[in-house]
Amino acid sequence: MKTYYSHKTNRYRGLLPFAFCLPAAIGILFTFFAGCKKFVEIPPPTTQLVNTTVFNNDGTATAAMMNIYVGMSSVQGISSESYNMAESMGTYADELTLYDNSTDVYNQLYINALQATSAPGPWVNAYNYIYQANAIISGLQTVGGTSPAIRQQLTGESYFIRAFWHFYLANIYGDVPLVLTPNYTTNATLPRTARVTVLQQVAADLQTANRMLNSNYVDGSDTTATTERVRPNKAAALALLARTYLYLGDYSKNAAYYTRADSAATAVISNSNYSLSALNGVFLENSTEAIWQLQTPQPNAPADTYDGLYFILLGAASAGGSGQNQTTISPQLMAAFEPNDQRNTTWISSFSDGINIYYFPFKYQQNTNAGLEYTMVLRLGEQYLVRAEARAHEGNITGAQQDLNVIRSRAGLAGTTAAAQSALLTAILHERQVELFTEWGARWFDLCRTGNANAVMGAPGNVCKFKGGVWSGTGYQLLFPIPRTDIQADPNLKQNPGY
Amino acid sequence: MYNFYSKKLMRSPLCGSIRKVFLVMRITTIMLFLAIMQVSAASLAQKVTIKAKDAQLNTIFQQIRSQTGYDFAYTAKTLENARPVTIDVKNDELIDVLKKIFNDQPLDFTIQDKFVTVTIKQLASPGTPEKKIAPGLTVVILTGKVTDELGNPMPNVNVREKGTNHGTTTSVHGNYILSVTDENSVVVFSYIGYETQELKAKDITDGSVIVMKAEPQNLREVVINKGYYDEKQELSTGDVGVVSAKEIGEQPVSDPIQALIGRVAGLNIQQTSGIPGSNAAINIRGVNSISNGNDPFYVVDGVPFSSFSTSSPFISAGALGDNVGSLYGSTSQGFNGNGTGLSPFNILNPDDIESIEVLKDADATAIYGSRGANGVILITTKKGKAGDTRVNIDLSQGIGQVGHFMDLLNTPQYLQVMHQAYANDGHPYPNIKTNPFDPNYDIDGVWDTTRNTNWQKALIGGTAQYSNAQASISGGTTNTQFLVGAGYTRQTTVYPGDYGDEKGSMHFSLNSASSNQKFHLQLTGSYGYENNTVPTADYARTAATLAPDAPPLYNPNGSINWQIYNSPFGSKSAFQNNPLATTVESVNQVVNNLNANLDLSYELLPGLVIKSDFGYNRGENNQVDIFPDSRLAPPNNTNPVDRENDNALSTGYGWIIEPQISYHRKIGKGDLNVLLGGTLQQQNINSQGFDATGFTSDALIRDPQAGATITPAGFSSILDRYEAVLARIGYTWDGKYLLNLTANRDASTRFGPGRQFGNFGAIGAGWIFTKEKAVAGALPWLSFGKLRASYGTTGNYQIGYYQYIPTYSPAGGGFVFGPPPPNSYQGVSVLSPNNVSNPNFSWETDTKLEGGLELGFLADRINLTASYYRNRSGNQLISYSLPAITGFTSVTENFPALVQNTGLEITLHTVNIKAKDFNWSTSVNFTDPKNKLLSFPGLVQSSYAETLVVGQSLYSHPLFQYTGINPQTGLYTFKTANSNEVPSSPQDLFPSQPVTQKYYGGMGNNFTYKNFSLDIFIQVVNQTGLGYQVAFFPAGTDQFNQPTAVLAAWKMPGQAASVQRYGAGPSSPVFANYVNFIESNGDIANTSFVRIKNAALSYHLPAAWQKWAHMQNARIYIQGQNLYTFTHYIGYDPDSGPTGLPPLRTITAGVSASF
């Protein structure tokens, strides 16, 4: 027995340190590890800010807002949303002749043969701006720390931006997803919302913006007034609201919207801050006509505006040339000008290579960084035409004529002869064509909402055929296709018919 | 008898000057060593202080021994007649003291090394050797010395009397004293890695030297490093490939990774360029991750080493390839792996490396947790060995050249093709006289079409110089060993212009143990400096494509020839693209790197050791790209904006602390090893860069301040942390049943809160069945047999940093090349959102299964290892496509896609001939890898919808399907849905055959004949890759030469051909078909090759010469790398692609010796 015990004891004596030390070691290690849980909780990188940090500080929240404007005035330093919209909608409609057919997307736009794979139009960028606006709205709401005045200003601007881009999406693509939160899990499966509903939401957002925004223009501090008309204010919200009501009137066939358009436009027109400029002064920085402009991108802008940089021809229009020299004003638009229309000479210029004369938009007259012009987004001239059209629908023929003639007289033209409602609407449509050409695609939207697109693009206008394309009678070409990648990625998103 | 020094000096007049040099070197070395190591001379002192009265001689000896470290050898019999000693000395020389002591003794003494042998005075016959065995003694005392084959004393050799527990180990100087029972006792000399020797006591003459022979091919005795623990190869349950210092050392490469090519089964390395410092593409057992990093985890002496290139992510790395993808990890590189920028491993000195271990299976890698999915590569540097202080010197010098040039069109052939091209398209042949605007200078009469230049010879036909100098000092005692090494390497290029790579490095290692061997310290460190300058583009491409009739590069006066001619529009340059123009441009990278590690361990109780490692790493890359105006032809070089100086600094530094507890105990037949450990690791990565332009003069271009405009190119700062607890239990029963359990729980900051922790583990088991009596009896020819299997999980955390948090960053940074876009509005610098974030993503999980069979035949003359592995990588972290309506188009998410890599790896070592003077051994490795995307639910909705196909390899690409040349039109045709021969994406895309290795391997042969040793290594790769056409425009393109393969083009209707007809430039109809062709499977070529990768011949100087010159291990050698490649590939080299500079054929000659 003795031997047995001693033997056993000996065996265990060897194991003893192990028996004691192992649990102790495990204990120590795990204590060490648990204590070090903090070790893997690291601050965000110094070159990046977490969302919550961005929105608890006036300066960084403002910087996030400004990113939207920089993005719109300079799409990755190579273009602007204004030029993109003017160029793509202008070539798609009857405003521009395309010379650069080297790129599929440009050519598809020009001959009205869009493909979902090329993702034409502002879809991707627009929803990115909407995301940014929603992130600001939600960030300012959930994170405290910003001062109330600034929070209100930035929230108002964000509602405005969200409305602005939904407005364009609904006009280009028809029914579109209505994105009202920054939450990607919710948004990734959104279905499309009817166009009228989207526009109603646009109007609601603009009313919110109108309530929250300052009537002055503010500077980088978000509160101090400035003469720089480069951020949306109350008037900008009202101006876009007037346009939205007009479009809603057309799309919903609900005449009540014309009345609202009339009153919103009146609020802008009667605002003493705004008055029509001379033709050659409209697009200058902070012109009296400007309701909202985008600042020249800083730093390293190649020109005051990308419209000026790309539309102004320095040589014969041709393929290639990094965006320059690729479009001219179409013969249809040239033919639309009445004799003696000053806009034909002030807002249009030409280049001659000795053989051909190439006409190009000359609203923006600077193609270098001259510090004279800003990119126009909303201007008073359009408000007169919006109100004229609303009034014509309301039956206020005289009022409509008066507004129309304000625009005609600035262009050096006599008063309109149209007196009947339909004739007047036709006259207004025509006036819009020559007044608002190459401005944010206004012409294409006019053709669509007034129901004139088929007649202009197809028979009898045959613009599409003239451009080398085929206009289908089905009308599917009135809407752009939704990018195919989004159709694939969002199971609830259905393509527009015909694509 | 003790005149050791005087003897030495007496011989010196023979060849005084040379010997003096060696002596000076030796003294210098010792002084240097003393200075560096700050080692007190006390332990080596030969001063003795003794005060004794009538003391026993042996007690006096003991005192002297403890004071001087000198051992005394004597037998009890010898001292029988010794007289008591009375002595009083203070700080006297040992020799003098010994003289005093032995003065009136009947004894004599000799000193050799640190050994005092005491013998009985035998005045009668002074010439006869000592009889050590006195008759009638029951105890025989043996003394002697053990050395290796090169004559180096071997410490710590086990010397044991067989069948007893009498034993000892040799001293630092290789000496031993052993008492054995009688003269017939058998004495066993053993040391790991050396053949065990058994000798009878009576056969051992006194003081004789036993030479231990290194055990050739005894791989199973080798102790392999598995990172946190070591294991004998024989008892390992995992799969670890080892490349030894010898294999690395015999290859003339400056990047240690290049020395691994073809050497390890399952390790796939593609050396994508021959430019010094170029990065290689590396993976272990194929691609596991669809969109994230597939780099192995690298550890240098216990400190993690980043596999990302140190080149700036913000500015161009020129010919080395832009390192754009590495800023936030390898995310954007996808499964193409690394391969661009300066190789991060080039800063390591191959000569400092003792071994490189490649950990492949779950058993070996699971302990690395989330870092182990793509395998682990452990780099261990050299350590000092106990023994005399020794200086090793290795000098070599050599040359490198392009080993294979392409067959390109000469001028007559070129002109013939151009004529045919214009005729085919019905275009008038260009003529400058009729069309002054014509830009086709090569054929329109501006260039002299009677000229014919071999541009390959002019641009990449140069000879690169390769110089290498290495020196190290090492030595130490049983308790403390040290090594200090320094190296210098310089490589130039085959290009014109002043480019190259220069490296200097220092390496040290210090090991120390307390005298009771309980406390151990190991300090290692290496510092590297590299100065790398490459052109902004690889001239190899220009060399392949410049028209053969292009004008001479230089004017007769030596200036660059721009071929200025007078056009109707004034003076114009007809040779703007003179390749020499860019020799004034450069990309210069200066890299500094410090790697240091300290290990401390203490044996608390027998078998129980606590240990901690502390590691630090710091790397820095300062990069400057210079673009002077002199690169432009005079009519175009007036704009100061053209001058550019791009400047970037990238730094990475980090530390690691790894405390561990290990326990080892034998219980009966069982052998238990337990390890518990923790890891804390931090890495900081900072990069910044700016571009300066607008210099008024080329002379000022090195100073960015002289530029008119300085724009930021980018700024980034990353903090990355990792922590883990790891455990291992290894158990061996009776030396034949093996079990190994490993586990790891870790956390990384690359994942969001709540998703940081992951658990990984593996089980490995083995059975050495030849240790079963039944097996051993039945199969006597089978000397070894082991079956092993392992199963476990590891993770992949190579996903980039901070991806789980939604962030904003200042716009304008992070743009590669060119000024940043506008970033301020109303004077406010804007903040731009980076991502929508998914805080919930987690590890990719890799499940590894492996079975292996290891066999040894005919007393281990033939060793065979075969492994089958199956890795399944799931929970794939992919960039999941979001609809743009969310504001962004992708978000990082885990997806249950499953990628499988399976394969068979075979390794064979044979000793073919083992004779006295001639030995021949062979090693072969073979890998047959397969890759397959097993499943990918939701593939259609992912961004991989059009690039991946379930059931196909990840190396398959969706491509058009080439259907041959239309014999009527001579144009390429493709399989199309709508039969119009114009394929369109995506409906006409079909998965191609896998574009990767079918199998690969290597074979090394080692021959030794007397003092000669020859190693030849052959690399074999069977693979498909991109054909040459992707790098060439269609034949007929203006100013663009072609391989002679295009001469086989279609010429007339009805002809069957392999190359489509020529066409005159991009407006020709052939161009669109060409574009479709290179996007089709038609341009997938067989790029298999057999390469004589390395041959090394060395000659060991005869022992007599070495002794005379006081050298050891002296040899002269000649080494060659990339000697010859057998391939049908049309481009320069299958690894570097059609027009990339191929890995150079390098031949060096050198000498190495130790003193």
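This is a predicted model: local features need pLDDT of at least 70, side-chain atom pairs count only at pLDDT 80 or more; totals for chains, interfaces and linings use all residues.
Student: How much area do chain A and chain B bury between them?

Tutor: The contact draws on 70 residues from chain A and 74 residues from chain B. Of the area lost, 69% is on carbon and sulfur atoms. The total that the two chains bury is about 6100 Å².

Student: Which element gives the largest share of the side of chain A that touches chain B?

Tutor: Several elements give two or more residues to this side, including helix H3 (58-73), helix H6 (123-142) and strand S5 (290-294) of chain A. The largest share amounts to 13 residues. The element that supplies them is H1(A).

Student: How many residues of the side of chain A that touches chain B are charged, and how many salt bridges does the rule find across the interface?

Tutor: The residues on the chain A side divide into 43 nonpolar, 20 polar and 7 charged. Between the chains, 16 residue pairs are in polar contact.

Student: Which residue of S37(B) stands opposite Val50(A)?

Tutor: S1(A) pairs with strand S37 (residues 807-810) of chain B. The pairing is antiparallel and extends over 2 bridges. Opposite Val50(A) stands Thr807(B).

Student: Which residue of chain B does Gln132(A) touch?

Tutor: Gln132(A) lies in helix H6 of chain A and has a relative accessible area of 4%; because buried means under 20%, this residue is buried. Its side chain is joined to that of Asn128(A) by a polar contact of 2.9 Å. Leaving aside residues up to four places away in sequence, Gln132(A) touches Ala64(A), Asn67(A) and Ile68(A) and, in chain B, Pro833(B).

Student: Is Asp222(A) buried or exposed?

Tutor: Asp222(A) is found in the loop between strand S3 (217-218) and strand S4 (225-226) of chain A. Beyond residues up to four places away in sequence, Asp222(A) touches Thr62(A), Ile150(A), Gln153(A), Leu154(A) and Arg231(A). With a relative accessible area of 1%, Asp222(A) is buried.

Student: How far apart in sequence are the parts that the salt bridge of Glu439(A) with Lys363(A) ties together?

Tutor: The closest N and O atoms of this pair are 2.7 Å apart. Glu439(A) is buried at a relative accessible area of 11%, and Lys363(A) is buried at 4%. Glu439(A) lies in the loop between helix H17 (421-435) and helix H18 (442-449), and Lys363(A) in the loop between S8 and strand S9 (375-379) of chain A, so the parts tied together are apart in sequence by 76 residues.

Student: Where do Asp446(A) and Arg449(A) both lie?

Tutor: These two residues form a salt bridge whose closest N and O atoms are 2.8 Å apart. Both Asp446(A) and Arg449(A) are buried. They are 3 residues apart, about one turn of the helix, and both lie in helix H18 of chain A.

Student: Which residue takes a positive phi in the hairpin of S7(A) and S8(A)?

Tutor: Strand S7 (residues 348-352) and strand S8 (residues 357-361) of chain A run antiparallel and are joined by 5 bridges. Ile348(A) stands opposite Pro361(A). The hairpin has 4 residues between the strands, and the residue with a positive phi, near 95°, is Gly354(A).

Student: What covers the buried residues of H11(B)?

Tutor: Helix H11 (residues 1069-1078) of chain B has among its buried residues Val1070(B), Phe1071(B), Tyr1074(B) and Phe1077(B). Asn1073(B) and Asn1076(B) are also buried. The cover includes strand S48 (962-965) and strand S49 (972-974) of chain B.

Student: What separation is found between the C-alpha atoms of Pro1143(B) and Gln1023(B)?

Tutor: Pro1143(B) is placed in the loop between strand S55 (1112-1127) and strand S56 (1145-1154) of chain B. At 5% relative accessibility, Pro1143(B) counts as buried, and its contacts include Gln271(B), Asn1122(B) and Asp1133(B). Pro1143(B) and Gln1023(B) are 120 residues apart along the chain, and their C-alpha atoms are separated by 18 Å.

Note on methods
Residues are numbered from 1 along each chain as its sequence is written. Chains are lettered from A and ligands numbered from 1 in the order in which they are written. Side-chain values use heavy atoms; hydrogens and water are left out. Buried means under 20% relative accessible area, exposed over 50%, partly exposed in between (1.4 Å probe, protein chains only). Contact means heavy atoms within 4.5 Å. Two strands pair if DSSP finds at least two bridges between them. Buried area is the accessible area (1.4 Å probe) that two parts lose on being put together, summed over both. A polar contact is a pair of N or O atoms within 3.5 Å; within protein, one must be able to donate a hydrogen and the other to accept it, and residues adjacent in sequence count only if both atoms are side-chain atoms. Ala, Val, Leu, Ile, Met, Phe, Trp, Tyr, Cys and Pro count as nonpolar, Asp, Glu, Lys and Arg as charged, and the others, Gly among them, as polar. A salt bridge is a side-chain nitrogen of Lys or Arg within 4 Å of a carboxyl oxygen of Asp or Glu.
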